Amino acid sequence: TMVSENNMDFTLNAVIDPQVRDSGSKFIYFDITLRNNTATEYAMNTLNNFYIELPDGTKMYSEVRTQLYAESHFNKDKYFIDPFTIPSNGQFSGIIGGFIMEENVNDFSVCFFPTGEDPNNKETVIKYSITADKITEPDSSVLK
């Protein structure tokens, strides 16, 4: 579902679990589409604009280990490292992240700050509720 806020349209296409496990934790990535409805190009990044919120209110932020894994195992035309650019009056689509969470956690919210041109604009947060049935493995085009 697309949500429009702060001159941008945001769609969470998928929450991806590539089945990477590290000491009882899993790596999670987001497949997103962002549409910039302004005449100014700007950059966004996972650490500033995204977080995961657990049912108890705990917030989890992007982890560099997940980016290193994705750079080595995901195709470069599918995965984008931070920062990624949203063109003026244009669109960005791709996989970003990721996050590390306990393997048994399958209920959480994907949260996005539609900051637009001002990376400090965090007045609005878009939240998508995720359950186990919404977490997918990457399709074959994503992996090297």
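Setting aside residues up to four places away in sequence, Ser25 touches Val20, Ile100, Met101, Glu102 and Glu103, where contact means heavy atoms within 4.5 Å. The model is a predicted one, in which local features need pLDDT of at least 70 and side-chain atom pairs count only at pLDDT 80 or more, while totals for chains, interfaces and linings use all residues. Residues are numbered from 1 along each chain as its sequence is written, and side-chain values use heavy atoms, with hydrogens and water left out. Ser25 lies in strand E4 (residues 25-36), strands being DSSP runs of at least two residues, numbered from the N terminus. Ser25 counts as buried because its relative accessible area is 17%, and buried means under 20% relative accessible area with a 1.4 Å probe and protein chains only.

The largest nonpolar core has 28 residues, of which Phe30, Ile32 and Phe108 touch the most other members; a nonpolar core is a set of buried Ala, Val, Leu, Ile, Met, Phe, Trp, Tyr and Cys residues joined through side-chain atoms within 4.5 Å. A second, separate core of 12 residues includes Tyr29, Phe74, Ile95 and Val142.

Apart from neighbours within four places in sequence, Phe108 is in contact with residues including Val15, Ile52, Met101, Tyr128, Ser129 and Ile130. Strand E10 (residues 108-112) runs antiparallel to E11 and is joined to E11 by 5 bridges, two strands being paired if DSSP finds at least two bridges between them. Within this pairing, Ser109 has Ser129 of E11 as its bridge partner. Strand E11 (residues 126-130) has a covered face formed by Ile126, Tyr128 and Ile130, whereas Lys127 and Ser129 make up the uncovered one.

Terms used:
Helices (H or I, at least four residues) and strands (E, at least two) are DSSP runs, numbered from the N terminus. Buried means under 20% relative accessible area, exposed over 50%, partly exposed in between (1.4 Å probe, protein chains only).
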